Each structure stands twice: as structure tokens, then as C-alpha cells.
Amino acid sequence: FSLSTYNKMWTDAQKDLDIQLRREREEFLQPEKDRVKVFKMLAASYIKYMQIFRNLETAHDQLIHRQKRTVIRQVLDGVIGRILEMKKEMVELENSEFHYIDNILEDLKLLPEDMEVPIPRYFIKEKLEVLQQREKILDQILLNAGLQTEKHVKAMTFEEAIKTIQVAERARQGRRRAAFMKQIYLEEKRERQTKLQVQMGPNLDDATTCIQKVWRGYIQRKKTEKMREEEMIFLGMSLPPHLKAISISQMHAGQINALQGEIQERHEEVFIKDKLRETEGLNIKETLQDQIGQCFIECRHIIGKFPDYPTEEAGGSMAILSQKTPEQVAAELAAKKDMALQKKAQKGKKEQEGKEKMKEKKPQKTGKKVNLPAVKTVQEGWKMAPSNFLSIMEEGNSQYKAVWQNRDEGWDFLQDHDPELIKEEKREEVEEEIRVQVDELMQRKLENLKLAVDGEKSNKQKKGRKSEKVRAASLMSLVHRTIDSLYRELVEERLLIKAKTVNLSDYVGKYSYLGTTLRQVDIEPMPSLADVRQLIALYGILPLGSQTVHEKAPLVKALLLAGPAGVGKKMLVHAICTETGANLFNLSASNIVGKYPGKNGLQMMLHMVFKVAKQLQPSVVWIGDTEKIFSKAVPKAEEEMNAKRLEKILPKFLKALKAQDRVLLVGTTNRPFDANLKPFCKVYQKIILIPRPDYASRFGKYFKSSLLWKHIILQNGGAITNLLNISCLAKVSDGFTQGHIVQAVQAVLSELRLLQMTRKPLRTAEFMTSLARQDPVYKEEEETFK
């Protein structure tokens, strides 16, 4: 049942994708001058791709069929990349990171929750073993260095220590004495009752009443539970028992099938490859040798001499066995050599010509402005930029239509793999392995033929020896430290830290429904927490999680999270690491004080960080209080910190990061207005403003976030009763951040207060008193952030 459901989900997603690709070819190729119409087209496509993304991700996670998962994965990466391209176009069109598309969602009969960016589960699942092993190594290094969860013990005088021990010991003796006296009392009571029973005899009525009381109470409780369950099923608040049982059994079956499928997949692949090598390997080898030998003879007859054997870089025997005549093959090899020589000669000429032109065109410094002719700009209207992902989606879509759309799978009960498709894949691998072996044999044979027939000797061995000597000398001259040693050093210096296990879904916040209305009256609304969550997923998590997406999507190297203290900026940094399995490097000014001093030391530190980050990618480099690096004036109290030492060197290292390096720089700041804006904004491509939570997020009736009133109270051991008005607390806490709410709850729910909870329920006034002691985020500060 579950497999057919997910197969149908995949089929529906592919149909929607086919329609969307047709729309792309029809609508986005034509120039459009109406910006409102363009944005509606982009937003509608963005929403549609998001729905396809959601369905493909679920199907990819739940299906265990290897070949199907490969096809889905290709299309899934393409869809993710296309979503990021659409987002870039929408940002450039509106000049804003935040979009309000309530009217389009209403037309499509969708909720804002349907726009939530799903995090692909394969980001973690595919490298779970590696992450677990890395976590063990990190824990071991921290433990050996004495950095693992240091507990600060309160200092105590000798007299206080003796008094504490005496109190504890006397209390222990008192408890033991009380337990002993209770035991003696119960034994004496039991003896008295047995004496009375022996004298009076057993009372049948009392025994019967006792049994009836217990039995009737048990039966009534069962009836009440059954009635309550029937009422909940009738109201639609609970599932019937048979449906519950099926869902649980399906879940267990899915987990078992997934595990069995992975094991069976691996064994089946190895078995099929070995079988192909045994059955077809000899025939493939003989066929290749005959074909290559025939090519040698034909070349000898036509050209008059044996050809040179193509190198591995040129494709080896694949170049010989291509569908070309021997003359064409020889001509191509000669043409390649000529082209290489011509290119070298042309480069030299161009460099000389360029130097001469620069000398001629060098303007004289006369101090007068030169009036250049104005270039006419033709406003043809908006046109979609070329995409790197449409070809990937087209290829995946055509592969689905060719192989899977009309494939009969009635014979495959397990739905875990297709042996015929595996054979086709593995046959190519076997042929490639055998071709390499045949190339070595035929190369020797060709040398022997040349020596016997033409009397020629090849000089390849001498060249090989020279290159080997040069390579060995270069390796000896370079001294590289291992990644393990660099990793250990960074951990011991606390530059590589352990990320907290926090999911992006824990950062809960409601969608803002006033955004469209405010923009209509030319007021830029404050972003909602849901908008922030989406941007973190789009710019941080999705590119870091997928290599294909990171290489081809619009590249974001640096991300800045700006907002008041306590809004969850650090939590979002840890969430990016948790969702992608990324390493977390801490280069905050306060963390690098006194470490690697001097310019050379700083360069070495950054070299180490970025080397390990690239090697063990994905990685997140976090700089807390990043405005201090770009501050206009350094306060006297922070002069020793030398926070500005990263200002000039950081952009150079960012520039060195390529598209294939899954490394993201994340800065957090609660005072961005203190920074010198020009270099600050040059480093951080994307700046995300994180506001204080609105009423819906603070109230959180159906939310389970650790940052909201209801869950924070429950998490800290409190109990919510009718005396506690959550709605009132949410209203009163307007202007306060999530951090303020956490501090207020923790201040109230002390150990003593938790002990009094049963006889003295929590009241609203208790939290109000605690909250009033903290400073809220005032409107002036909020406007400064905007």
C-alpha cells in the first residue's frame, strides 16, 4: 500500500513538472514590460516548484528502489536549484528579500504553511555513519583536552564543607531510622491482625465486598475509557483503532524494508557485477583485442606505418574504436598537436599586442574630462536569465518517460531494485575495467610489432621515468600537515566547536498576513519569523546540503543575521549545521583573542580553518558580534581584543572560495549600525533582519517551540491551568524577544516554586513581574534596524 502511494506521488510530481517545463518554454522566453505581471508569473512558478519539491522529497525518502531514487534525486536537485534561481529573480525584481503573495496563494487555494521549504532528509541520512564517527572523534578530543562540559564548582570554606556533610549525614541517619521504625510497626500490626483472624475466623461478607469493589471499579473504568474513545472518534479527533494499527504496522514495515533494501541492494550489485565478469568478461576481452588488432593492420596498410597508441588522457582504445576510419583517427591526433602549438604561439602574440595597445591608449593626466558617446539602452522588458537547472530537469523528465512511465512492475513484489537495469549499468563498468587491462596488453603488442616490422623503439619509458622523478622531487619539497592534525589543533584551540542539536522547525513563527496590505500603502512591513526561516533554508541549508545545487545555483558565500539580542540568531546558526551535518568554526573576535598573534599567525589560522572546512565540507564559519571587525571606532575597553584584525584579510579568503567549496560564512550582530557599512556590506552578500516575535508567534497555541510561552513553561516543569492566561502574557510581552521570555520563565520556575506547583498553581502575575525587570526592544531601536 505504502509503495503504491509513494509511486503515485512520484508520478503526480513528474506530471506537474512536465507541465511546468512546458510553461517555462512558452512564457519565460518572451520579454515582458509589465513588472506586476512578471512577478505574478515568477511567484506562481515558485509556488508550483515548491509543491513539486515537497512531493519529490517525500517519494525519494520513502521509496527503497535504487534506480528510482537515482532518477528522483537528479530531478530533485534540479528543482531545488530552479527554486533558488526563481528566488534570485524575485529579489532583483522587488529589491527585497521578503515577498508577500497572499493573493496568489488564495487563487491556488493554498495556505502559507504549504510554502514552507522542506529540508531534504538525504542530507543527513546519506552520511549518517560519517557524522556519527566525526562526533565521536570530536568528543574524544574535547575530553582529552579537558574541554568537555566543564562544570564550575562553587568555592566553599572548610567549615561550610563540614557543616554540609554533617547535615547530609544526619538526614540520612534520620531517614534510615524512620524506615526501620515503620518496618517494626507494620510487622506488629500484621501480627495483631493474624491473631484476631485466628480467634474470630474469616469473614465471608467482608471478603466478598472487597472483591466486588475492586472488580466494579475496574469494569467502570474500562467502560468510561471506551466511551471517551468512541466520542473522540465520532468528533473526528482520533483515528479508529484499525487505522491506528495499520499505520503503526506500515511504519515498522517501511523501516524494515528500507534496511533490508539497502543491504539487498549492495549484495545484489556485487553479485550481478561478478556474474557479468564471469559470463561475459572473456568475450568482451577477446572482442576488444580483435578490434584493436584489426585497426593496427588497417592503419599499416593505408598509412604505411603503425599508429601511435593513444594515451589514457585521450581515451585509450576508445579513441581507436570510435566509428572513424584509421586515417581520420591519425589525422585527429596530428591536428590536436598542431592546435596546441598554435595556441601557444597565439598567446605570446596577444600578450605583446595587448602591451603595445595599453601603451598607445594610456590617457594623459590633463585634468580634463573626456566626453564619451552615450550608449543607447533599449528597454525590451524583463526576460528570464538563462538557467543551469532546466537541462537537468529536462534530462530527468525524459529519463522518467523513457524508462519508468509505462514500465510494467507487477512482477516486482519487493520493489527494491531492477536487475536488468543494474546489468546495463554494471556492463559498462565491467567493459571499462577490461578495456584498461586490454590497453596495457595491446600497447606492449604494438611496441613489439613496431620493433619487429619497422625497427622502431618507443621512448615512452624514458619520459615516464623523468616525470616520475620530477613528481617525486616536488612531493619531497612540499611539507603538508594531515587534516587530522589540523582538525585536532582547531578543536583544542576552540576554533572548531560542537554544534547544538537544533532543527530549523524549532524556530517557530507565524506567517505575516498584513504584509500585502502594508505594501499597498507604501509601508515596508517587518519580516515575520516564518520569512526568516524560509531564507535560512534557501540561502543556508539547501546549497550546503547538495553539491550539485551549490555548484550551479546563485552562489551565496556570506550571510549576515542582524537583530536585537535574544531573537535566536545563534540558534539559526546551529540549525544550519544540524540540518546539513556541517562543521562549525567559531571566529568571533572574543574567541580568537590571544590566538595566533601577528599577521603571519592570522594568515596561518585562516589557512587552517578554510583548509579543514573545504576538506570536511559542508562547513559553517561563524563570526559572532561581527560588527566589531568593521567598527568605525574601537572603544578603549575592546582595544586589547584587536577585533579589526580580520577586516582586510577576510575578503581575500572569501574570494578564494569557489562554487564547488560548500563553505558558508555566517555573521551575527545585534548592533549592525556600529559598523563601517561599505566594507561590511561588501563581505556579506545577503543580510537578513530578524525581528522580535509578533503576537501569533508569542501565543503559539498549536506550536511546540522552545522559544514560546506555552512550551517554555512546560519544558521547565510548569503546569498550565485556567489561572494562567497565555493570551494575556503574549499581549503583555509585546516588544520582548524570545530570549527575554526564556529568562522570565526560568526566573519564576525555581526548584522551590516547582515543589509548590500542586497546591499553588501558576498565575499570570508571577511572569509579568519577572518580565517587567527586563528591557524590551523599543520602536526606535527597531526603526534603526530597518
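**Buried and exposed residues in a predicted model**

Biologist: Why is Arg 753 called buried?

Modeller: Arg 753 has a relative accessible area of 6%. Buried means under 20%, so Arg 753 is buried. The model is a predicted one.

Biologist: Where is Arg 753 found, and with what is Arg 753 in contact beyond its neighbours within four places in sequence?

Modeller: Helix H27, residues 751–755, holds Arg 753. Leaving those neighbours aside, the contacts of Arg 753 are Val 748, Lys 760, Pro 761, Leu 762 and Glu 766. Contact here means heavy atoms within 4.5 Å.

Biologist: What makes Phe 234 exposed?

Modeller: The relative accessible area of Phe 234 is 72%. The word exposed applies over 50%, so Phe 234 is exposed. Phe 234 lies in helix H8, which spans residues 204–235.

Biologist: Which residues make the nonpolar surface patch with Phe 234?

Modeller: Met 232, Leu 235 and Met 237 make the patch together with Phe 234, and its area is about 490 Å². Patch residues need over 30% relative accessible area; Phe 234, at 72%, is therefore over that cut-off.

Biologist: How many helices and strands does the protein chain have, and what share of its residues is buried?

Modeller: The protein chain has 29 helices and six strands. Of its 786 residues, 38% are buried.

Biologist: What share of the contacts with a separation of 6 or more joins residues 24 or more positions apart?

Modeller: In the protein chain, that share is 83%.

Biologist: What is the accessible surface of the protein chain?

Modeller: About 49,900 Å², with 55% belonging to carbon and sulfur atoms.

Key. Residues numbered from 1 in each chain as written. Predicted model: local features only at pLDDT ≥ 70, side-chain atom pairs only at ≥ 80, totals over all residues. Heavy atoms only, no water. Helix = DSSP H or I, 4+ residues; strand = E, 2+ residues; numbered from the N terminus. Buried < 20%, exposed > 50% of the residue type's maximum accessible area, 1.4 Å probe, protein only. Patch = residues over 30% accessible without salt bridge, like charges linked within 9 Å, V, L, I, M, F, W, Y side chains within 5 Å. Areas by Shrake-Rupley, 256 points an atom, 1.4 Å probe, with all protein chains shown as cover. Salt bridge = Lys/Arg side-chain N within 4 Å of Asp/Glu carboxyl O.
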